[in-house]
Amino acid sequence: MSQRIYITGIGMISAIGNNVSESFLSLSQSKTGIGKINYLTTRYKDEFLVGEVKLSNADLMDLVKDNSPDLNRNSYLAMLAAKEAVINSGIDTKDGLRTGVISSTTVAGMSKTEMFYKEMFEKDDHLNVLDTHDCGDSTERIADYIGNVDYVTTISTACSSAANAVMLGSRMIKNGLLDRAIVGGVDALSKFTFNGFNTLMILDKEWCKPFDENRKGLNLGEGAAFLVIEGEDALRKRNGKALAEVIGYANANDAYHQTASSPEGYGATLAITQALEMCGLTTRDIDYINMHGTGTPNNDLSESIATKTVFGNHIPKFSSTKAFTGHTLAAAASIEAVISTLSLQHQLIFPNLNFTTPIAETNLVPVTELLQTPINTILSNSFGFGGNCSSLIFKKI
Amino acid sequence: MVKAYINGTGCISAQNTIDESWFFETVAPPSVDYYNAIEPSYKEYIAPNLLRRMGRAIKMGVTTASIAIKNAGVTNVDAIITGTGLGCFEDSERFLLALLNNDEQFLTPTSFIQSTHNTVGSQIALIMKCHNYNFTYVHRGFSFESCLQDAMMLFNEGKESILIGGIEEHTPNYVNLYRRAKKFQEQNTAVPYWKSETSGTQMGEGAAFFVLNKHQTEKSVACVEGIQTLYKPKTTEDILDKLTAFLKMYSLTLADIDVTLMGFSLDVNFDKKLQELLPTIEKESCPAYFKHLSGEYHTASAFALWLATQLIEKQNLPKAISISQKAPTAIKHVLIINQYLGINYSFMLVAKV
């Protein structure tokens, strides 16, 4: 029953571009998408930097070509990235094979709810915003936008969400429940999340500096990324082309604290180790790690320690790409899965921007310049609030 | 085919199900047009230092999880999988109103931290010190169904013991807004619940948790044989075709189903297809309904699975949920056909062990 799982299409929208080719250009030119706040309404507009998609809601509406008043920023982003992935893969959802949409989000429709919530108590005009507030809404929008979708579900495990979507899609295909799945995640910036992270005091007011001794926190980002994954049977049937293979995944829980990672990175260690075990790889087989690397003092130290625990003295080349996109929460793992796919396709490691000094305790140095190098396998980590830790392993075709 | 043996359950609902001996001795009506859960004194279940910070969804979830775990006689599980449509709404709303009312100033992080949808699952992991697989599904009327389906896949992949649960809470503001959005209605008592001709549901809330095992043990009270979700089926015939194919996978037909629990929600727009399906069900099986006990919410199907387990254990189909005059001679198979907003349909097949 154990079918191989292939990535056959990728789509992405974030601060570094509205599609995969724009994103690739930014990544190759070490051009960050993080900057001053332009679209989010907040009193902290001039105080913080974020990774916004460089489009207004009106621009996004034009791109999706749907002027339904029920769509919100989360749905626009999700629909665009999912559609790009489907077109890129060349699948036809009308061909009778079973297609699933497995998405993930943390704040869902909050970016719209927060605009109208107070008003709702006084007037009836915006009560329908409640209908699109929940996490399932954007997933069903994707399904209907693509059409002929047999299965939908949505995951929310904080910042590891989209990794779990990739994992679930792969498992459903292996278990014979689906032939292929459109998997990924989306989170639009909202005042809600921005202020939430601000009260936790883990936002850097300057560009975030993952794995740097003087890192101060993360920059929030927004975006969506989706991957079409197919079982080998479905791929063979339509004579499709694979971009990369999903060979390993694991999900574990740190069970240490609601928001903080354990000092030793126990959950992360478990996730990485189990993902390696699943595909029968040793630590020497990993050519590059796309780290979670948010830029917070807690995550980067904990992840560094976990990396040392697993890899010992043979630490693979690694970088965090969050200094390009910002931390896009539920979308982060799928954005990084798309970036990993690009790394495998182009044999390029995209740099860890803004790094100067290694963390004293661990002394790990990421890749800081664009690097052309042979890459066969990539480990991608994603960790979240609630101790949710997930690791994925991708392989070159 | 792999089965999921139900080895322990815990349920908080609009009925007095927190009293584990409850079986229809009392049936609580809605509070006009919605239901409040009957909640226990939580300090019997949760340590006071934790309890102080928890929102209601977390309290209901952690409590019912701990009851299910106690009943199953386990100390740890291979996976914790939770489902919730709206998550910790109380905490989300608290943080949202605080930031809107104070122009984004003077905020504290507690309610933000607890607003994330995976809070219940992670709190259970923290309390149990469980480092294993941990997942939260948040898809409307598929939130709980996805948990069950994932658990069955995990059994297929070699796991042994899994905790799953569905959780939903509402708040006074939420009730107020939904009522003003005309999503609620009072029942017209002259019209049976399953024949409703008017729109509006009666919102409910609650939590139900289950410890599932891959193998039958002396604790097993029933087993789940299958689960399937249907997204936006076009016609009633579509549902019936899918149902027939679903039952066929287990070598069953509708005639083998002793009780069919149907997710009528009192809103004619959402119930239409189930109303059309009812005569077929009635011909072959004993139809029953349950949302007049639980109210309607994203994870009401978790309550339905808890109820199915009860019916099998007690071998009794109470009048309070029966749709027809028929009574089953024995209850071997219970089928749950749920719907949410007329969009998310699901089948769950539960069997006696």
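User: Into which domains is chain A divided?
Analyst: The structure considered here is a predicted model. Chain A is split into two stretches by domain assignment, namely domain 1 (5-237) and domain 2 (248-396).

User: Which element gives the most to the side of domain 1 of chain A that touches domain 2 of chain A?
Analyst: Over C-alpha atoms, the centres of domain 1 and domain 2 of chain A are separated by 21 Å. Their contact draws 61 residues from domain 1 of chain A and 53 residues from domain 2 of chain A. On the domain 1 side, the elements giving two or more residues are β1 (5-14), α1 (20-28), α6 (161-174), β6 (180-187) and β7 (223-231) of chain A. With eight residues, the element that gives the most is α6(A).

User: How do the residues on the side of domain 1 of chain A that touches domain 2 of chain A divide into nonpolar, polar and charged?
Analyst: The contact takes 61 residues from domain 1 of chain A. By class, the residues of that side are 30 nonpolar, 24 polar and seven charged.

User: Which element gives the most to the side of domain 1 of chain B that touches domain 2 of chain B?
Analyst: Chain B is divided into domain 1 (4-213) and domain 2 (222-351), and 21 Å separate the centres of these domains, taken over C-alpha atoms. The contact involves 49 residues of domain 1 of chain B and 42 residues of domain 2 of chain B. Elements that give two or more residues to the domain 1 side are β1, α6, β4 (161-168) and β5 (206-213) of chain B. The one that gives the most, with six residues, is α6(B).

User: What is the division by class of the side of chain B that touches chain A?
Analyst: Between the chains, 42 residues of chain B are in contact with 48 residues of chain A. At least two residues each are supplied to the chain B side by α3, α4 (110-113), α5 (119-128), β3 (133-137), α6 (143-156), α7 (172-180) and β6 (222-231) of chain B. This side of chain B comprises 21 nonpolar, 16 polar and five charged residues.

User: Are helix α7 of chain A and helix α3 of chain B roughly parallel or roughly perpendicular to each other?
Analyst: Helix α7 (residues 191-199) of chain A packs with helix α3 (residues 89-101) of chain B, the axes being 10 Å apart and at an angle of about 90°. Angles of 65 to 115 degrees count as roughly perpendicular. The relation of α7(A) to α3(B) is therefore roughly perpendicular.

User: Which elements do the buried residues of α5(B) pack against?
Analyst: Helix α5(B) is mostly covered, as eight of its ten residues are buried. These are B:T119, B:V120, B:G121, B:S122, B:Q123, B:I124, B:A125 and B:M128. Just after α5(B), B:K129 adopts a positive phi of about 55°. The buried residues of α5(B) pack against α2 (56-72), β2 (79-83), β3 and β4 of chain B, together with β8 (244-253) and β14 (388-396) of chain A.

User: How many residues of strand β4 of chain A are buried?
Analyst: In a regular strand, side chains alternate between the two faces of the sheet. In β4(A), A:T99, A:V101 and A:S103 point one way, while A:G100, A:I102 and A:S104 point the other way, and all are buried. Strand β4 (residues 99-104) of chain A is largely enclosed by the rest of the structure, so the count of buried residues is six of the six.

User: What is the bridge partner of A:S104 in β5(A)?
Analyst: Strand β4(A) runs parallel to β6(A), to which four bridges join it, and there A:V101 has A:I182 as its bridge partner. β4(A) also pairs in the parallel sense with strand β5 (residues 151-155) of chain A, over five bridges. In β5(A), the partner of A:S104 is A:I155.

User: Is B:E44 buried or exposed?
Analyst: B:E44 lies in the loop between β1 (4-12) and α1 (48-51) of chain B. Because B:E44 has 8 other C-beta atoms within 10 Å, B:E44 is exposed.

How values were computed. Residues are numbered from 1 along each chain as its sequence is written. Chains are lettered from A and ligands numbered from 1 in the order in which they are written. This is a predicted model: local features need pLDDT of at least 70, side-chain atom pairs count only at pLDDT 80 or more; totals for chains, interfaces and linings use all residues. Axes are lines fitted to C-alpha atoms, for helices over the stretch in contact, and angles run from 0 to 180 degrees between N-to-C directions. Angles under 35 degrees count as roughly parallel, over 145 as roughly antiparallel, 65 to 115 as roughly perpendicular and the rest as oblique. A residue is buried if 20 or more other C-beta atoms lie within 10 Å of its own, exposed if 12 or fewer, and partly exposed in between; C-beta atoms are placed from the backbone. Domain bounds come from an automatic or database domain assignment. Two residues are in contact if their C-beta atoms, placed from the backbone, lie within 7 Å. Ala, Val, Leu, Ile, Met, Phe, Trp, Tyr, Cys and Pro count as nonpolar, Asp, Glu, Lys and Arg as charged, and the others, Gly among them, as polar. Two strands pair if DSSP finds at least two bridges between them.
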